[in-house]
Amino acid sequence: MTSQPRKPLSATPPSAGLPDHRNAGDPDDSQAHPHDGLDRALRATLARMTGGVSPQAAAGAWLDWAMHMARAPGRQLELAQHAIESVGKLAADMTADPESDPPFKPGPNDHRFLHPGWSRPPFRAMQQTFLASHDWWNHATDDIPGMRRQDANRVHFMAQQALDTLSPSNGPLTNPEVIESALKSNGHSLLAGTVHAAEDLLHNLRHEEAAPSSKFRVGHDLAATKGEVVYRNALFELIQYAPQTETVRAEPVLIVPAWIMKYYILDLRPENSLINYLVGQGFTVFCMSWINPGPELRDVSLDDYRTDGVMAAIEAVSTITGNEKIHACGYCLGGTILSIAAATMARDGDDRLASITLLAAQTDFSQPGELMLFLDESQVSLLEDLMCDQGYLDSDQMVGAFKAIRSEDLVWQRAVRRYLLGIEENETDMGVWNADATRMPARMHSEYLRGLFMENRLAAGRFAVDGRVIVLRDISAPLFVVGTETDHIAPWRSVYKTKLFTVSDFRFLLTSSGHNGGIVSEPGHPRRHYRIGHRKPGALYMDPDTWLASHAPQEGSWWPEWTKWLSVHSGDPIDPPPMGAPEAGYPSLGKAPGSYVMIR
């Protein structure tokens, strides 16, 4: 074991990391497609121009919708009748009592029309016309017999995106809140917004990073739990946190965060740090800090993240603590790779995992959430061409997909506040973390998208490690699985499906909020609740909706439930282990949070 940075994990040529789509028996690629490099370069340029969105996929979805709609005169008649009814409702609303309920209402997550001015004419008419258009398109993209469901969802998404650009809330003369703010400030709000727009435009033209936060600094205000880096390789640094109690539980906790994000989402401020909370509850905690990869790691594979990532960390934790039993916890993609590692360990007779916790992590990708809108063969191939050209998927290209899913909040509402209301956004710990995005190595990301997202091999029993298939049902360690109610990335019903593929002792907890906010849910956080259930080994399966109806919500944070469960599956308290193990090749390499988290 080495504790120093080393060379990239693969010595394969740059193109080797991306899949070969030739059929068996095809002639050598250089003879069959001698000018493929030219095509790849052109497609990579196209991908940069479109933000990684395939024009063919978008056009194909619209064509599928139009052709099926053309042969459905009954559906056309229904939509015409719906449009006429909507016009009638709009006409009636124009003469109705201003205090009466409007016929069309925004969605539960749409906060663009909260200002009381939207209830007064002419703004109410503009708002209602816009919402009526949304309503019509919702009906127009319902199931049409014969049409692919993914194409229907994609057309629905693209139509809503186009409509959102035309929302009256986006205009300075059609938004009552903007007009009111401009009048009260004598135009200063619009002037401040113009300054903000000019600053942002200059940053974009210069391709400059956002200015570092002055309020929240990594290693000082964020990621500040005391510890030491005790291992480092080309993929990650391992942080061991200093004990805060006189005794600790015998079994250490190893946290495997997602490499799509910086690890300190789990170690924000001391008050809402899950890591700090665990240490304070008497656990020895280790956390992996993945490197933010550049083109030099283009050929790192998904299995490298298992062997040189998760398994290397397990080996280090076992050696440092002298305890072979480990509580392993994986968040998001970290939970997926932990599941793969755990199933492989079970297959090979490695029983070092005392328990497994999965936080908003999917093992079945048949319902992968709204991100699937961006994924099909055309989309993935275009991303592969882009990654082949630059060696990684850039953070901006990832962030753009997440913003598009919640454009009304993350794009348009932010633009209105910043550019039309002139409001400088208040800095938050999670906002600073969210802006600190990471890249994805080309080969690994291609294998992840194809093997897990598109082909769902892990759940289907077709995921092979070292040439042999692994299955989740081989895992005998107790499982604690957490889903979040409003998760757009890992929908909780998809996370719940882990229960389908496992047979060990299983607890499922559903917490309020979304993918990040639901996990960062410290005790004392307002308006938080959770539900928890227990499946004993051998119990019959319960579908997610029945489970939801059968488990009442409990107020408060889910963190105490988890630490109580960890304690039940832990041995008696012992003296804290030493920090690192220099004699075994794990010396201290510096203070937490380490150096990898600083790479941008």
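Colleague: Before we start, what should I know about the numbers?

Modeller: The model is predicted, so local features need pLDDT of at least 70, side-chain atom pairs count only at pLDDT 80 or more, and totals for chains, interfaces and linings use all residues. Residues are numbered from 1 along each chain as its sequence is written, and side-chain values use heavy atoms, with hydrogens and water left out.

Colleague: Let's begin with the sheet. In what order do the ten strands of the open sheet come?

Modeller: First, the terms: helices (H or I, at least four residues) and strands (E, at least two) are DSSP runs, numbered from the N terminus. Two strands pair if DSSP finds at least two bridges between them. Here the order is β1-β2-β5-β4-β6-β7-β12-β13-β14-β15, with mixed pairing. At the edges sit β1 (227-232) and β15 (554-555), each pairing on one side only.

Colleague: Which way do β1 and β2 run, and what joins them?

Modeller: They pair in the antiparallel sense over five bridges, and a hairpin of three residues joins β1 to β2.

Colleague: Is β1 enclosed or open, given how many of its residues are buried?

Modeller: Buried means under 20% relative accessible area, exposed over 50%, and partly exposed in between (1.4 Å probe, protein chains only). Six of the six residues of β1 are buried, so β1 is largely enclosed by the rest of the structure.

Colleague: And in what sense do β7 and β12 pair?

Modeller: Strand β7 (residues 353-359) and strand β12 (residues 479-484) pair in the parallel sense, over four bridges. Leu359 has Val482 in β12 as its bridge partner. Further along, β13 (residues 506-511) and β14 pair in the antiparallel sense over six bridges, with Leu509 facing its bridge partner Ile532 in β14. β14 and β15 run antiparallel too, joined by two bridges.

Colleague: Which strands does α10 lie across?

Modeller: Angles like this one use axes, which are lines fitted to C-alpha atoms (for helices over the stretch in contact), and run from 0 to 180 degrees between N-to-C directions. α10 lies across β1, β2 (236-241), β4 (253-256), β5, β6 (326-331) and β7, and runs at about 150° to β5.

Colleague: What about the nonpolar core? Which residues touch the most other members?

Modeller: In soluble globular proteins, nonpolar side chains tend to be buried together. A nonpolar core is a set of buried Ala, Val, Leu, Ile, Met, Phe, Trp, Tyr and Cys residues joined through side-chain atoms within 4.5 Å. The largest one has 120 residues, and Leu238 and Leu254 touch the most other members. α10 gives the most to this core, with ten residues. Apart from that core lies another, of 20 residues, among them Trp65, Phe113, Leu131 and Met147.

Colleague: What is Leu254 in contact with?

Modeller: Contact means heavy atoms within 4.5 Å. Leaving aside neighbours within four places in sequence, the contacts of Leu254 include Leu238, Phe286, Ile314, Val317 and Cys329.

Colleague: How do I read a pair of aromatic rings?

Modeller: You describe a pair by the distance of the centres and the angle of the planes. Rings of Phe, Tyr and Trp (its six-membered ring) pair if their centres lie within 6.5 Å; planes under 30 degrees apart count as stacked, over 60 as edge-to-face and the rest as tilted. By this rule the count comes to 27 aromatic pairs. One of them is Trp290 with Tyr305, tilted, at 5.0 Å centre to centre and 35° between the planes. Trp290 lies in strand β5 (residues 285-290) and Tyr305 in helix α10 (residues 302-321), so the pair ties together parts that are 15 residues apart in sequence. Trp290 is buried at 6% relative accessible area, and Tyr305 is buried at 1%.

Colleague: How is the pair of Trp492 and Tyr496 arranged?

Modeller: That pair is edge-to-face, 6.3 Å centre to centre with 85° between the planes. Both residues lie in helix α18 (residues 492-496), four residues apart, about one turn of the helix.

Colleague: Which residues form an aromatic cluster?

Modeller: Tyr231, Phe236, Trp259, Trp290, Tyr305 and Tyr586 form one.
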